[in-house]
Amino acid sequence: MWAIVTLRRRRMTAATDNRRTGAALRGSTLPEPIWLEWLALVGLLGFGTWLLGVRGVWGLLLSSDPTGLTLVILVVFVAASFWAGRRARELQQQRAALHHAVTTGRRDGAGWVADYWAALAQRPTDFDAPLDVLMEQTHGPHATAWWVNGIQLKLGLLGKVIGFSILAIQIGHTESFDAAQSQALLKSLTSGLGIALLTTMVGLVGNILLGLQLTRLDRYADALVADAQRHGLTHGARDGGPAPGTKA
């Protein structure tokens, strides 16, 4: 009688392990090609840049802004976009390492997730510490990138303030509004107004486009952490240890 009960328990345990393994493999889909998505976006932006250059828009923008803020905003956007591309490639490599570890069943590889699992396997006193380290690796650098993204908007607003200041100064220096001086007056007034509007427009567009890239990076990093936690919970439950994020 006991032999039959023991055999049934072994079969149930084996079936449970198979279901868990199958669920883990199904849950670990191929990593999303975020770096290729970034390359596609850069291709579209490059085509738009070329088209605007052919139409003479870049020359008009740079020549209409004597403060140079438009050029500064463009340089910040290009540099931050290339950083986003490098970051996208790094996150994709880490996601691929996670997928390889799950599909092969080996957890002793290299990478952020492997270090996270190794820290959990050591049964630390504070089970939140490995997750904090993983979150710093996946999301920490993005905070600085979001600050840089806000700089573009602030530079655009600074250009608006400078432009309207120039406009106010020119109006204040006008002694009379004679019809003979109206053309020269309008030309001087539109100079300050052009600085205000152009720098604000460039800052807003740069802020939107860079924010799109950073939001995609954040969501990809969220998925990486979620997969690492899910498979860590699965292995922790199978090994009989406490779940990550709980006290022993």
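The structure is a predicted model, in which local features need pLDDT of at least 70 and side-chain atom pairs count only at pLDDT 80 or more, while totals for chains, interfaces and linings use all residues. Residues are numbered from 1 along each chain as its sequence is written, and side-chain values use heavy atoms, with hydrogens and water left out.

**The chain**

The secondary structure comes to 7 helices and 0 strands; helices (H or I, at least four residues) and strands (E, at least two) are DSSP runs, numbered from the N terminus. Along the sequence the pattern reads α-α-α-α-α-α-α. Of the 248 residues, 31% count as buried, where buried means under 20% relative accessible area, exposed over 50% and partly exposed in between, with a 1.4 Å probe and protein chains only. The chain exposes about 15,000 Å², and carbon and sulfur atoms supply 66% of that area; accessible areas come from the Shrake-Rupley method with a 1.4 Å probe, and for residues only the protein chains shown count as cover. Among contacts (heavy atoms within 4.5 Å) between residues at least 6 apart in sequence, 84% join residues at least 24 apart.

**The cores**

A nonpolar core is a set of buried Ala, Val, Leu, Ile, Met, Phe, Trp, Tyr and Cys residues joined through side-chain atoms within 4.5 Å. The largest one has 26 residues, of which Y116, W117 and L217 touch the most other members.

| Element | Residues |
|---|---|
| α7 | 182–239 |

The largest share, 8 residues, comes from α4. A second, separate core of 6 residues includes L61, L69, L198 and V202.

**Residue T199**

T199 lies in helix α7. T199 counts as buried because its relative accessibility is 0%. Leaving aside neighbours within four places in sequence, T199 is in contact with D65, L69, T70, I73, G156, G159 and K160; L69 is also listed in the second core. T199 and T67 are 132 residues apart in sequence and 9.6 Å apart in space, C-alpha to C-alpha. A polar atom of the T199 side chain lies 3.4 Å from the backbone oxygen of A196.

**Helix α2**

The 21 residues of α2 should span 30 Å at 1.5 Å a residue, and the end C-alpha atoms are 30 Å apart, which agrees. The expected span is 1.5 Å times one less than the number of residues. Just after α2, G56 takes a positive phi of about 80 degrees.

Definitions and conventions. A polar contact is a pair of N or O atoms within 3.5 Å; within protein, one must be able to donate a hydrogen and the other to accept it, and residues adjacent in sequence count only if both atoms are side-chain atoms.
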